[in-house]
Amino acid sequence: MILLWIFVAAFVVVFDRRAARHRAETKVRALAVDIVDSLRDETLVSSDAVRRWIAGSKIATVGVPLAEVDLAGIEQAILRNGFVERANAYVTYDGELRVEVSQRRPLLRLLVDGYDCYVTADGFVFPAPRSASAYVPVVTGSYAPPVPPKYVGRVEDHIASRVAESEARIVEMQYEKVPLFQSDKAVEDSLRSVRRMRIKKGLFESHDHFDERVAALRARKADLRRDYRYRQREIERKLDAVTARQDAERENQKKLRKRYEDFLKLINFVSCIEEDSFWRAEIVQIVVSTMSSGDPEIELVPRAGDHTVLLGSLDDVDEKLERLLSFYENGLRNIGWESFRTISVKYKGQVVCTK
């Protein structure tokens, strides 16, 4: 057994040295790009685009010894494009550099003011590439997503980062209160000292002179109390101002989280549409605007008929779509698809139509 293990160890060492020598002597003879999971009918990533990204990174490939190829650099150059989900670069024994690229599968396209980006089902946002497009539902309108226009990444990560920054500002503001608390304590101590101020009547002091001294002390104590009370009010005012700024930060956090929740509702709504063969074929465009409450409001542009559907908020969308489908089947089929200009299912248990 000892001899066997010695033989195995020697074989591993020799093989490793031969492999290292082979990688140092063999040069890359070709570059092969494989898009491993193309979309149904179109692709956001092409082999030519990947080759351009590699060339633009200035990383040497063909003609370079296998051991000197910067595989990690090639992967990073490809992953800088937001619509790429994974990239794997490796070299084969015979000298071929292979790059496998997996692209993200978008769920919807945001085409609102300042935004032209794709969104995946898990909330990853990336700008729409100029050279290609995917056939997915288009969201238009005045809706403002909870991320900047050129943002690339998960919306959840952006929200978490913004909340963390806000929390850091709240902590900084709390430190601003420390000297104010110290000043307030010093004023309280001074007030207690004023309350303890007393005078004693001299042994041969007349009553009139003592009364004058008492009156002067009372006047001085009153002046000191007014001064210290004013200082206290100023300190309280400054503390209230810092607290108001902290409360404003917390309110901004709530609004930010609410916008993220609405964004998730929009993703879930589009997922619901895409999972249903009828609605996937029927809905041409999704128009999203913002209500006075700040909630998103949905308007659908169907393929059949000459009307628009007012869906309202993103609450109870399954019930609203069921109500709309029932009206399609039992109403419009009998009176005609061109009978109404708008069909509203915003209100529970109702279908309101206008001509």
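The chain has a radius of gyration of 36 Å, whereas a compact globule of 355 residues would have one near 20 Å. The model is a predicted one. Along the principal axes, the C-alpha atoms occupy a box of roughly 120 × 90 × 45 Å. The secondary structure consists of 7 helices and 13 strands.

Of the 355 residues in the chain, 38% are buried. Among contacts with a separation of 6 or more, 60% join residues 24 or more positions apart.

Charged side chains number 57 positive and 55 negative, and the centres of the two sets lie 7 Å apart. The whole structure holds 18 salt bridges. One of them pairs Glu176 with Arg245 at 3.1 Å, N to O. This pair links distant parts of the chain, since Glu176 belongs to helix α4 (residues 155-195) and Arg245 to helix α5 (residues 207-275), 69 residues apart. Glu176 is partly exposed at 36% relative accessibility, and Arg245 is partly exposed at 39%.

Other salt bridges lie within a single helix. In helix α5, Arg226 and Asp223 are 3 residues apart, so about one helical turn separates them; their side chains meet at 2.1 Å, N to O. Arg226 is exposed, with a relative accessible area of 52%, while Asp223 is partly exposed at 42%. Salt bridges with shared partners also unite Lys185, Asp189 and Arg192 in one network. Within this group, Asp189 and Lys185 form a salt bridge of 3.3 Å, N to O. These two residues stand 4 apart in helix α4, and therefore about one helical turn separates them.

Technical notes:
Residues numbered from 1 in each chain as written. Predicted model: local features only at pLDDT ≥ 70, side-chain atom pairs only at ≥ 80, totals over all residues. Heavy atoms only, no water. Rg over C-alpha atoms; globule rule 2.2 N^0.38 Å. Buried < 20%, exposed > 50% of the residue type's maximum accessible area, 1.4 Å probe, protein only. Contact = heavy atoms within 4.5 Å. Lys, Arg positive; Asp, Glu negative; His and termini not counted. Charge placed at Lys NZ, Arg CZ, Asp CG, Glu CD. Salt bridge = Lys/Arg side-chain N within 4 Å of Asp/Glu carboxyl O.
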